[in-house]
Amino acid sequence: QVQLVESGGDLVQPGGSLRLSCAASGSPLANYAIGWFRQAPGKEREEVACIRGSDGSTVYANWVKGRFTISRDNSKNTAYLQMDSLKPEDTAVYYCAADSWCTVDMDYWGIGTLVTVSS
C-alpha cells in the first residue's frame, strides 16, 4: 500500500507558475501510475493529468492545453505537476492519486494541496 502527500500549493497571481509535489511512501512510486486531479469549490473533481508507471507515458485533460506538465522521479519517490500560465479558474484543491493504471477512480489518494490563483 502506498501513502501520498501533496505539497506546493500556494497563492499565486494570474500568469504565474507553481510546482506541486506528490511524495510517496510505503511502496515504490515506480509500481504505480500517478494521477493529478483537482476540485474547485462547488464543482466536481476532475482529472488533470496522469503518468503511467510502466513507461512514463502521459495523458492530459483537453483543457490543460500545454500549460501543465506531469513528471516523476522514481529515485526520489516523488511525482510533480508543473503549472504555468495559471488562471483564476485553476483555483482548486489538487490531489495526487496512485493506481496500477491511469483511471478516474484511483485506489490511493493524498489529502490535497490548495492552489489559489488571484491578484
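Tutor: Happy to. A disulfide here is a pair of cysteine sulfur atoms within 2.5 Å. In general terms, a disulfide is a covalent bond between the sulfur atoms of two cysteines. Before the details, please keep in mind that this is a predicted model, in which local features need pLDDT of at least 70 and side-chain atom pairs count only at pLDDT 80 or more, while totals for chains, interfaces and linings use all residues. Residues are numbered from 1 along each chain as its sequence is written, and side-chain values use heavy atoms, with hydrogens and water left out.

Cys50 and Cys102 form a disulfide with sulfur atoms 2.0 Å apart. The torsion about this S-S bond is -90°, a left-handed link. Cys50 lies in strand β5 (residues 46–51) and Cys102 in the loop between β9 and β10, so the bond ties together parts that are 52 residues apart in sequence. Strands here are DSSP runs (E, at least two residues), numbered from the N terminus. With a relative accessible area of 1%, Cys50 is buried, whereas Cys102 is partly exposed at 22%. Those words have cut-offs: buried is under 20% relative accessible area, exposed is over 50%, and partly exposed is in between, using a 1.4 Å probe and protein chains only.

A search of the whole structure finds two disulfides. The other partners are Cys22 and Cys96, whose sulfur atoms are 2.1 Å apart. Their S-S torsion is about 70°, so this disulfide is right-handed. Cys22 sits in strand β3 and Cys96 in strand β9, 74 residues apart, and both cysteines are buried. Counting bonded cysteines along the chain, the pattern is 1-3, 2-4.

Now to the aromatic rings. The structure holds four aromatic pairs; rings of Phe, Tyr and Trp (its six-membered ring) pair if their centres lie within 6.5 Å, and planes under 30 degrees apart count as stacked, over 60 as edge-to-face and the rest as tilted. One of the pairs is Tyr32 with Tyr108, edge-to-face at 6.0 Å centre to centre and 85° between the planes. Tyr32 is in the loop between β3 (18–25) and β4 (33–39), and Tyr108 is in strand β10 (residues 108–109), so to speak a link across 76 residues. Tyr32 counts as buried at 10% relative accessibility, and Tyr108 as partly exposed at 23%. Another edge-to-face pair joins Tyr95 and Trp109, with 6.5 Å between centres and 75° between planes. Tyr95 is buried at 19%, while Trp109 is partly exposed at 27%. Together with Phe37, Tyr95 and Trp109 form one aromatic cluster.

The term asks for NZ of Lys or CZ of Arg within 6 Å of the ring centre and within 35 degrees of the ring normal. Likewise, the charged end of Arg38 sits over the ring of Trp63, 3.8 Å from its centre.

Terms used: Helix = DSSP H or I, 4+ residues; strand = E, 2+ residues; numbered from the N terminus.
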